[in-house]
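I opened my notebook to go through this structure piece by piece. I wrote down what I looked up and what I found.

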Amino acid sequence: MNYTFDLGAVTRNFDVLLQGLSLTLQLTIAANIVGLILGFLLALMLVSRFALVRGPATAFVEFFRCTPALIQIVWFFYCVPMLFNVFIGSITMAVLALGLNLAAFNAEAYRAAIQAVPREHEDAGIALGLSPLQRVLYIILPSAIRASVPVLLTNGIGILQQSALVSIVAVPDLMYEAKTLATETYRPIETFTIVALMYFAISLPVSQLVGWLERRRPA
Amino acid sequence: MGNTMTVAPAQGDGSALLCVKGLRMGYGPVEVLKGMDIEMKPGERVVLIGPSGSGKSTLLRVMMGLEQIQHGQITFGGDPYITADKGKTKIDIGVRKKIGMVFQHYTLFPHLSVLGNLILAPCKVAGESRSSASERARALLERLGLSHRVDAYPAQLSGGQKQRVAIARALMLDPKLMLFDEVTSALDPELVAEVEQVILQLAAQNMPMMIVTHDMWFAKNIASRVIFAAEGRIIEDGPPEQVLGNPREERTREFLERVFHIKT
Ligand SMILES: Nc1ncnc2c1ncn2[C@@H]1O[C@H](COP(=O)(O)OP(=O)(O)OP(=O)(O)O)[C@@H](O)[C@H]1O
Ligand SMILES: [Mg+2]
């Protein structure tokens with residue numbers, strides 16, 4: 001193989017990629033906000049004593065966990081407007097599709113952490129005279145949220161990668177700009193190599209942080 | 001003569017600190033406590049011994065309001081605070097709060113510092129100001145030799161330090177009775193003494209307590225009274241010299257011999 005690697009086409013159009021990257025980051029951050037908040041509310045529903053409260057949350061979580069993210073996005077963009085007659089901007093749509101998906105996974109992370117709070121801590125709270133609400137607010141939730149941070153970060157950075165999927169519905173994110181650039185310049189190898197490195201450079205520090213947090217956690 | 005009402009009073013006489021009457025408790029169909037009566041006088045330090053599964057932890061958990069009971073009543077300072085009423089357990093939290101408990105397993109809240117663990121209940125339950133609670137907490141930790149660990153998190157503490165902090169946390173609420181359920185049995189042997197010292201220190205200040213322990217040395221040194229329970233019943237109850245030294249009941253003798261290799 002004597003392919004000559006030429007980055008010129010990419011570097012000349014780097015501003016386009018940066019625009020895409022900027023949108024990708026905005027999508028990721030917005031989806032994480034949706035995912036962190038909605039996921040938390042779903043987790044509260046998942047640990048409810050009442051089947052009527054648990055049911056809808058379980059259905060939501062299982063739907064998003066058991067179907068491909070790609071189909072969820074396509075379905076959101078093509079089926080929701082037709083079925084429900086609602087038309088919202090494509091960026092908002094992308095944030096929702098990614099955010100709801102993330103919420104399902106985050107809900108499971110919160111739920112697992114809530115249920116992992118030792119029974120003894122609840123007993124100690126009762127022994128100290130804390131009311132049921134106080135035990136939830138001051139003991140169970142703070143300790144569970146801390147314990148779930150590594151998984152939430154892992155899920156959050158996962159959404160950065162997943163966000164590339166929205167390029168197929170013409171949302172001009174990093175992946176979309178990369179595809180366009182590759183086609184226009186006939187330099188797909190260079191373009192996708194650079195773009196992969198960009199995703200990698202953003203994800204790596206976060207995944208290192210997760211590793212550090214997990215090592216630091218008491219056994 | 002003649003007045004049968006005085007023969008079996010519904011509660012202990014006025015001088016009792018704690019009074020357990022006809023206590024029956026089970027998990028589902030399995031009865032764990034099969035009718036227990038205990039009367040504890042102020043200043044008494046009761047050591048509770050017995051084979052595994054005899055219901056020692058269950059008794060302490062019941063007294064702490066952590067379990068439902070099927071029958072009986074417990075009074076504290078003359079006030080009934082745990083009552084079995086038509087299959088439901090009624091708990092008077094106001095009275096129950098006068099009792100503090102330390103558990104076998106570490107129960108410090110991992111997300112709070114030592115200070116945070118100590119002041120949580122005083123601030124949130126008793127409505128004490130943060131600064132006043134912190135001041136009391138620091139003084140208490142100082143007395144327990146833990147002033148250098150005020151800002152540490154539970155994960156940074158040794159097992160012995162964790163249990164000492166757990167004791168301090170209970171003491172912050174100014175309990176009138178302390179319950180200790182095998183607080184040293186999860187510890188490495190070399191850390192046991194520092195925790196027992198703290199409890200002995202409390203005993204020296206006349207804190208009434210009920211202690212479950214498998215440590216014979218500790219039992220002998222702290223008890224003013226020893227109760228031997230087996231299979232949910234009290235088998236023998238008396239001063240330590242009797243129950244540990246010269247038991248009247250064959251089952252107590254058997255237990256001491258088997259568990260502590262004490263020949264009486
Ligand atoms: N949550 C529970 N559900 C069902 N059974 C229980 C529960 N907790 C305890 N038991 C049973 O109740 C009985 C008494 O247990 P308990 O823990 O009070 O014994 P113990 O005297 O403290 O024993 P040990 O010395 O091993 O701590 C045991 O047979 C135990 O299996
Ligand atoms: Mg026990």
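**Entry 1: spans in chain A**

I started with residues 59-78 of chain A, where the chain is 85% helix and 0% strand. The end C-alpha atoms of residues 59-78 of chain A are 22 Å apart. I keep in mind that this is a predicted model.

I picked this span from the UniProt record. The unreviewed entry gives "transmembrane region" for residues 23-47, 59-78, 84-105, 151-171 and 191-213 of chain A. I looked up residues 84-105 of chain A too. That span is 77% helix and 0% strand. Its end C-alpha atoms lie 26 Å apart.

The unreviewed UniProt entry also lists "domain: ABC transmembrane type-1" for residues 21-210 of chain A. I checked the make-up of residues 21-210 of chain A and got 84% helix and 0% strand. The end C-alpha atoms of residues 21-210 of chain A lie 23 Å apart.

**Entry 2: chain A as a whole**

How many helices and strands does chain A have? I found 9 helices and 0 strands. Read from the N terminus, the elements of chain A run α-α-α-α-α-α-α-α-α. The C-alpha trace of chain A spans about 75 × 45 × 30 Å along its principal axes. Chain A has 219 residues, and buried residues make up 42% of them.

I looked up A:Gly8 next. A:Gly8 sits in helix α1 (residues 8-12) of chain A. Is A:Gly8 buried or exposed? Its relative accessibility is 15%. Buried means under 20%, so A:Gly8 counts as buried. I also noted a pair: A:Gly8 and A:Thr185 are 177 residues apart in sequence. In space, A:Gly8 and A:Thr185 are 10.0 Å apart, C-alpha to C-alpha.

Then I turned to A:Ala170. A:Ala170 is not a glycine, yet its phi is positive, about 65°. I found A:Ala170 in the loop between α7 (132-162) and α8 (174-185) of chain A. The relative accessible area of A:Ala170 is 45%, so A:Ala170 is partly exposed.

**Entry 3: ligand 1**

I moved on to ligand 1. Which residues surround ligand 1? They are B:Tyr27, B:Val32, B:Pro51, B:Ser52, B:Gly53, B:Ser54, B:Gly55, B:Lys56, B:Ser57, B:Thr58, B:Glu182 and B:His214. I sorted this shell by type and got 3 nonpolar, 7 polar and 2 charged residues.

I listed polar contacts of ligand 1. An oxygen atom of ligand 1 is 3.2 Å from a polar backbone atom of B:Ser54. An N or O atom in the side chain of B:Lys56 is 2.8 Å from an oxygen atom of ligand 1. For B:Thr58, a polar side-chain atom lies 2.4 Å from an oxygen atom of ligand 1. On its own, ligand 1 has 630 Å² of accessible area, and the protein covers 56% of that.

**Entry 4: helix α1 of chain B**

Which element gives the most to the shell around ligand 1? I found helix α1 (residues 56-63) of chain B, with 3 residues. In α1(B), 7 of the 8 residues are buried. Among them are B:Lys56 and B:Thr58, both listed around ligand 1. After α1(B) comes B:Gly65, with a positive phi near 75°.

**Entry 5: strand β10 of chain B**

I went on to strand β10 (residues 225-230) of chain B. Here 6 of the 6 residues are buried. In a regular strand, side chains alternate between the two faces of the sheet. I checked which way the side chains of β10(B) go. B:Arg225, B:Ile227 and B:Ala229 point one way. B:Val226, B:Phe228 and B:Ala230 point the other way.

What are the partners of β10(B)? Strand β3 (residues 45-49) of chain B runs parallel to β10(B), joined by 4 bridges. In this pair, B:Val46 stands opposite B:Arg225. Strand β11 (residues 233-238) of chain B pairs with β10(B) in the antiparallel sense, over 5 bridges. There, B:Val226 stands opposite B:Gly238.

B:Glu231 has a positive phi of about 50° although it is not a glycine. With a relative accessible area of 48%, B:Glu231 is partly exposed.

Notes: Residues are numbered from 1 along each chain as its sequence is written. Chains are lettered from A and ligands numbered from 1 in the order in which they are written. This is a predicted model: local features need pLDDT of at least 70, side-chain atom pairs count only at pLDDT 80 or more; totals for chains, interfaces and linings use all residues. Side-chain values use heavy atoms; hydrogens and water are left out. A residue is near a molecule or strand if one of its heavy atoms lies within 4 Å of it. A polar contact is a pair of N or O atoms within 3.5 Å; within protein, one must be able to donate a hydrogen and the other to accept it, and residues adjacent in sequence count only if both atoms are side-chain atoms. Accessible areas come from the Shrake-Rupley method with a 1.4 Å probe; for residues, only the protein chains shown count as cover. Helices (H or I, at least four residues) and strands (E, at least two) are DSSP runs, numbered from the N terminus. Ala, Val, Leu, Ile, Met, Phe, Trp, Tyr, Cys and Pro count as nonpolar, Asp, Glu, Lys and Arg as charged, and the others, Gly among them, as polar. Buried means under 20% relative accessible area, exposed over 50%, partly exposed in between (1.4 Å probe, protein chains only). Two strands pair if DSSP finds at least two bridges between them. UniProt positions are given in the numbering used here, feature names are shortened, and annotations may be inferred rather than shown by experiment.
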